[in-house]
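Subject: A structure for you to explore

Hi there,

Here is the structure I promised to pass on to you. Have a look at it first, then read on for my notes on what turned up.

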Amino acid sequence: MSEHSERSVVVERTSSGQFVATNASGASIRFGTSPDGEQDAGFTPVELFLAAIGGCSAVDVDIATGRHAQPTRFSVTVTGDKVSDDLGNRMTNLEVAFTVAFPDDEGAERARAILPRAVKASHDRLCTVSRTVEIGTPVSTTVTDA
């Protein structure tokens, strides 16, 4: 059975090339581009995209392994190549690399043992962000006159 639960964010322009995305609970993140390179734009939209992939998988894996042991190190690096060709601007060669270490205490062996399975389950089934990218879904746009 499929779960249908709408999610949304509102993106508002704060200044030239600068935006704030706000979710339904009121949390926000600043991002944008700086054509002149003089002001800190925060994250670019592409970096937010990479962070969404890594963050989604990180949450899945942390839930699965954290039941057994708390990591001493947990980082996820997401890389890809931005290309512009006949198909337009897009990202290719997306890779998600986990670096996770657990202490030598009770539960750590179990956490280490399930880590590869947790990463695979996130990639193959659980992470909504990367699953959407891999399966593909149309994006529609509309314009509303304010």
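Thr22 has Ser28 in strand E3 as its bridge partner. That bridge belongs to a pairing between strand E2 (residues 18-23) and strand E3 (residues 28-32), which run antiparallel and are joined over five bridges. The hairpin of E2 and E3 has four residues between the strands, and Gly26 there takes a positive phi near 95°. Please keep in mind as you read that this is a predicted model.

E2 also pairs with E1, again in the antiparallel sense, over six bridges. Here Ser15 stands opposite Gln18 in E2. Two residues lie between the strands in the hairpin of E1 and E2, where Gly17 has a positive phi near 75°. Is strand E1 largely in the open or largely buried? Of the seven residues of E1 (residues 9-15), the number buried is zero, so this strand lies largely in the open.

Asn93 is not a glycine, yet it has a positive phi of about 55°. You will find Asn93 in strand E5 (residues 88-101). Its relative accessibility is 52%, and because exposed means over 50%, Asn93 counts as exposed.

Leu50 is located in helix H1. With a relative accessible area of 15%, Leu50 is buried, because the cut-off for that is under 20%. Which residues does Leu50 touch, not counting those up to four places away in sequence? They are Val78, Met91 and Leu94. Leu50 and Thr77 are 27 residues apart in sequence, while their C-alpha atoms are 8.8 Å apart in space.

Thr65 also has its place in helix H1. At 0% relative accessibility, Thr65 counts as buried. Leaving out residues up to four places away in sequence, Thr65 touches Phe102, Ala111, Ile114 and Leu115.

Among those partners of Thr65 are Phe102, Ala111 and Leu115, and these names come back in the largest nonpolar core. How many residues make up that core? There are nine in all: Val61, Ala64, Ala69, Val100, Phe102, Ala108, Ala111, Leu115 and Ala118. H1 and helix H2 (108-126) each supply at least two residues of this core, and H2 gives the most, with four residues. Ala64, one of the core residues, is in contact with Ile114 and Ala118, leaving aside its neighbours within four places in sequence.

Last comes the empty space. Rolling a probe the size of a water molecule over the atoms shows where such space is left. The largest pocket in this model has a volume of about 520 Å³. Its lining is made up of Arg7, Ser8, Val9, Asn23, Leu48, Phe49, Ala51, Ala52, Thr128, Val129, Thr132 and Val133. What kinds of residue are they? Seven are nonpolar, four are polar and one is charged. Helix H1 (45-66) and helix H3 (128-135) each supply at least two residues of this lining.

Enjoy exploring!

Terms used. Residues are numbered from 1 along each chain as its sequence is written. This is a predicted model: local features need pLDDT of at least 70, side-chain atom pairs count only at pLDDT 80 or more; totals for chains, interfaces and linings use all residues. Side-chain values use heavy atoms; hydrogens and water are left out. On a 1 Å grid over the protein atoms alone, a cavity is a set of points where a 1.4 Å probe fits but cannot get out, and a pocket is an open set with protein on both sides within 12 Å along at least five of seven lines; lining residues have an atom within 4 Å of a point. Grid points are joined across faces, edges and corners, and a volume is the space filled by probe spheres set on the points. Ala, Val, Leu, Ile, Met, Phe, Trp, Tyr, Cys and Pro count as nonpolar, Asp, Glu, Lys and Arg as charged, and the others, Gly among them, as polar. A nonpolar core is a set of buried Ala, Val, Leu, Ile, Met, Phe, Trp, Tyr and Cys residues joined through side-chain atoms within 4.5 Å. Buried means under 20% relative accessible area, exposed over 50%, partly exposed in between (1.4 Å probe, protein chains only). Contact means heavy atoms within 4.5 Å. Two strands pair if DSSP finds at least two bridges between them.
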